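Visitor: Please show me the model, and then let us go through it piece by piece.

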Amino acid sequence: MSFDPVRFIQVFEHDFAQAKQLLIKHQVLSANEAGNISLRIPGEQRLVIASLSGADSGVSAIVDFDLQHSQGSLTDNLKEVAALHVAIYRERPQVNAVIHTHSPYLTAFAIAGRPLRAHASQLLGILDEDQEIPLTAWGPRYAPEPVVAALREHPRAPAALLLNHGPFAWSERDVLAATRLLINLEEAAYLTFLAAQLGTPQPFPQARHSVRAWAGAPHDGCSAIHLWELACLRWRPLNQPPSIRYNSAHLWERACSRRRHSSRSVCWISPRTYPCLLGAGCFIGL
């Protein structure tokens, strides 16, 4: 099936409009709504891109990765930032959508020269507990080299903070997925900022609420499933009957399938998913 640029742009502009509504709803844009979103054209060295601000907001243009040929409304500013989008697509062939904004709290981290570390629960599932959203080195306006260097140093990072500038985030899915990712990152930056006013933001307490076990093998006379059941019992409210317990084998299976960390054999169990943990959360060794 041949590529239909008209249909592709229609879908992109529809998703773009929804993305902008989400960004405004969650107050993720700066006062002037500066930013842009792009989408890779499948199987081609081209992308479609549009600005979030100004009179041309939402008006898209298709541009080659060499930035020499374009279709649609490609302003000089949009062409300049498109070079960085292209650099991300080339460095991450699996990425399909990129978003750039000047979100206040993420931009504040970039101006302060601080990476965003995984202190807030919004980042669980996005980052491992010892990961961070990296900070790039300083470079000329939209220079791709600092961003490419950060991507190579942090190959699993889903975003980067441009020093003294703002965030870029990307997704292997689509425009809306990249947008929701950025919203989560901005909320995490906001909460981390608030926490810093009260003290030092704390890392996730892995050791305090963990059950170390090996799946399929006994440990101190208990199977991994049994240890998991004990964890649920431990955190069950005292005023609730035992019937509130979840089927331990089912929970274990779901937990194992939800998330695995490549750097350590640990699985984070969210209290929102499993209320038996009473908001504490739990790390289960796999």
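**The sheet and its surroundings**

Guide: Seven strands make up an open sheet with antiparallel pairing, ordered β4-β3-β2-β1-β5-β9-β8. Two strands pair if DSSP finds at least two bridges between them; helices (H or I, at least four residues) and strands (E, at least two) are DSSP runs numbered from the N terminus. This is a predicted model, in which local features need pLDDT of at least 70 and side-chain atom pairs count only at pLDDT 80 or more, while totals for chains, interfaces and linings use all residues. Residues are numbered from 1 along each chain as its sequence is written, and side-chain values use heavy atoms, with hydrogens and water left out.

Visitor: Which residue of β3 is the bridge partner of Leu 47?

Guide: Strand β2 (residues 46-51) and strand β3 (residues 61-64) run antiparallel and are joined by four bridges. In β3, the partner of Leu 47 is Val 63.

Visitor: How many helices and strands does the protein have, and what percentage of its residues count as buried?

Guide: The secondary structure comes to seven helices and 12 strands. Buried means under 20% relative accessible area, exposed over 50%, and partly exposed in between (1.4 Å probe, protein chains only). Of the 286 residues, the buried share is 49%.

**Helix α3**

Visitor: Within what arc do the buried residues of α3 fall?

Guide: In helix α3 (residues 104-112), the residues Leu 106, Thr 107, Phe 109 and Ala 110 are buried. They line one face of the helix, because seen down the axis of α3 they fall within an arc, taken over the directions from the helix axis to the C-beta atoms, of 155°.

Visitor: Which exposed residues are on the face of α3 turned away from its buried side?

Guide: The buried side is covered by elements including β6 (116-117), β8, β9 (166-171) and α5 (175-198). The face turned away from that side carries the exposed residues Ile 111 and Ala 112.

Visitor: Which residue follows α3?

Guide: The residue in question has a positive phi, near 70°. It is Gly 113.

**Aromatic pairs**

Visitor: How many residues apart in sequence are the parts tied together by Phe 65 and Tyr 89?

Guide: Rings of Phe, Tyr and Trp (its six-membered ring) pair if their centres lie within 6.5 Å; planes under 30 degrees apart count as stacked, over 60 as edge-to-face and the rest as tilted. By this rule there are four aromatic pairs, and Phe 65 and Tyr 89 form a stacked one, at 6.1 Å centre to centre and 5° between the planes. Phe 65 lies in the loop between β3 and β4 and Tyr 89 in helix α2 (residues 76-91), so the pair ties together parts whose separation in residues is 24.

Visitor: At what angle are the ring planes of Tyr 105 and Phe 193?

Guide: Tyr 105 is in helix α3 and Phe 193 in helix α5, 88 residues apart. Their ring centres are 5.5 Å apart, and the pair is tilted because its planes are at 55°.

Visitor: Which residues form one aromatic cluster?

Guide: Tyr 105 is partly exposed at 27% relative accessibility, and Phe 193 is partly exposed at 37%. The cluster consists of Tyr 105, Tyr 190 and Phe 193.

Visitor: Which backbone oxygen does the side chain of Ser 103 reach?

Guide: Ser 103 is in the loop between β5 (97-101) and α3, and is buried at 0% relative accessible area. A polar contact is a pair of N or O atoms within 3.5 Å; within protein, one must be able to donate a hydrogen and the other to accept it, and residues adjacent in sequence count only if both atoms are side-chain atoms. The backbone oxygen reached by the Ser 103 side chain, at 2.7 Å, is that of Val 28.

Visitor: Which residue has its backbone oxygen 2.7 Å from a polar atom of the Thr 192 side chain?

Guide: Thr 192 lies in helix α5 and counts as buried at 4% relative accessibility. The backbone oxygen at 2.7 Å from its side chain belongs to Ala 188.

Definitions and conventions
Contact = heavy atoms within 4.5 Å.
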